[in-house]
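Thank you all for coming. I would like to walk you slowly through one model this morning, so please keep the sequence and the picture open while I talk.

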Amino acid sequence: MPMHSDGVAESFPLEPSTDEMRHLVDQAMQYITAHIGSLADQPAANAEGGAELARSLREPLPEHGQSYAELLRMLFHTAIPRSFNCAGPGYLAYVPGGGIFHAAVADLISDAVNRYVGVWAASPGLAQLEANVVRWFCDIIGYPASAGGFLTTGGSLANFSAIFTARRERLPEDFLAGSIYTSSQTHHSVQKAALLAGFPAHNVREIPTDEQFRIRLDALQQHIEADRQAGLTPFLIIGNAGTTNTGAVDDLTTLADIAHQHGLWLHVDAAYGGFFMLTQRGRARLGGIGRADSITLDPHKGLFLPFGTGSLLVREREALKRAHQGEAAAYLPTMQDDPDCVDFCQISPELSRDFRGLRVWLPLKMNGIQPFRQALDEKLDLAAWATGELKKIPEVEIVAEPQLSIVAFRLNRPGLDTPALNELNHTWLQSINARKRVLLTGTMLGERFAIRICALCFRTHQDRLEMCLEDIRSACQAVSNT
């Protein structure tokens, strides 16, 4: 222990001893294991009174420390329980992830060693592990050896870099005549990404969808041709490989044909659906995805990793460097010319970043890919089973059959107009969620309000879907009696 000149030991609270570090982790693990062990029994959502809780937690900057035991109790007894149980088996809302524990261990290691991987020379071995992860993703999609990419905080940043890269590859410096084509079901992050990439909102063309909520190819062709005749420059099509609303998968093969015909960049937002490529049914559904110029994948969805783990893949990795590479600052280490030695800061928006690759690499190395493939196949089965059970309930209409692991449905009672049906289904959804064994969410599909089941959490199995259908039937009976 460092000593003062007078022989008294110095205190460095930011440098805990080996025993202190072990004690910190051991105490936290007692809470963590109890929390994970009780996930199945926790409410699927428990956010009531959230505003009051938040107000009670406001506080000034602390001048002095507080008991670690007290802080853990506050976190696990007060703050954490008042939330959506995103990691639990009853979370069938939005697009679940799960947060496998192996990734939490990886983050502890990554944060503790605190190595920098944005520049290859700073941590060659660790940068290579992350590059391995990107290569594995390319292999899953079916990309060639020329492909590359990087890990992001999620699909929003991936979509932004994809649009920015497409802009740099397909448009001149004066790019404001460029037009982008998406479907009406495309994730809202695409519109935001286009704005961040410098495009006015009206440059993003929203193409209508067919009865299966896939982009209408005839309308897309018409919009492209009309824009060319109007003096605009079509340059980017964004296809969907699993929309958030219904899990819809566009005809990716034909989209690739259209993009090739017109010389446009094709980006596929596969944040939710892309990892279903690990399954036989998913590969059949996502045919043509490997022809896209770029693809967004979210490992924190289809690989069940913690929030904050996304990725962007590009068929030609040099396009990323052309779009993102700036003039290297004198204070940075020398960048690499070898394409096998990736400087992630040269191909992405970030310079400072965490070593997020370990939270992907460690779980995959520990388990292999087979358990992930089996889990995704299970989710396809669960969505199909739930759909079959829903069809047995009188007055239930399947609005969107599952193309992957999402099904959308509603009550369609004779004699009620659309506003009345929407109100009825809102009430039904509230009644389903009131038992707190599952959390479902709704969405608007055109003028119709529909309820969604999205089976994706790795902890969700047949028993929880059976509970879900029990609650759906019970709630249906309740609203029928009102």
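Helix α7 is followed by G198, a residue whose phi is positive, near 105°. Before I go further, please note that this is a predicted model, in which local features need pLDDT of at least 70 and side-chain atom pairs count only at pLDDT 80 or more, while totals for chains, interfaces and linings use all residues. Residues are numbered from 1 along each chain as its sequence is written, and side-chain values use heavy atoms, with hydrogens and water left out.

Let me stay with α7, which covers residues 188–196; helices here (H or I, at least four residues) and strands (E, at least two) are DSSP runs, numbered from the N terminus. Which residues of this helix are buried? They are S189, V190, A193 and A194, where buried means under 20% relative accessible area, exposed means over 50%, and partly exposed lies in between, with a 1.4 Å probe and protein chains only. Seen down the axis of α7, these buried residues fall within an arc of 140°, so they line one face of the helix; the arc is that of the directions from the helix axis to the C-beta atoms. An α-helix has 3.6 residues a turn, so residues three or four places apart point the same way. The buried residues of α7 pack against α6, β2, β3, β4 and β5, with contact meaning heavy atoms within 4.5 Å, whereas the face turned away from that buried side carries the exposed residues H188, K192 and L196.

I turn now to salt bridges, each defined as a side-chain nitrogen of Lys or Arg within 4 Å of a carboxyl oxygen of Asp or Glu. By this rule the count comes to 27. One of them joins R322 to E169, with the closest N and O atoms 2.9 Å apart. This pair links distant parts of the chain, since R322 sits in helix α12 and E169 in helix α6, 153 residues apart. Both ends are partly exposed, R322 at 47% relative accessibility and E169 at 25%.

Another salt bridge is formed by the side chains of E397 and R410, at 2.9 Å from N to O. E397 lies in strand β8 and R410 in strand β9, so the pair ties together parts that are 13 residues apart in sequence. Here R410 counts as buried, at 7% relative accessibility, while E397 is partly exposed, at 21%.

Finally, D107, E130, E350, R353, D354, R356 and R359 are linked in a network of salt bridges.
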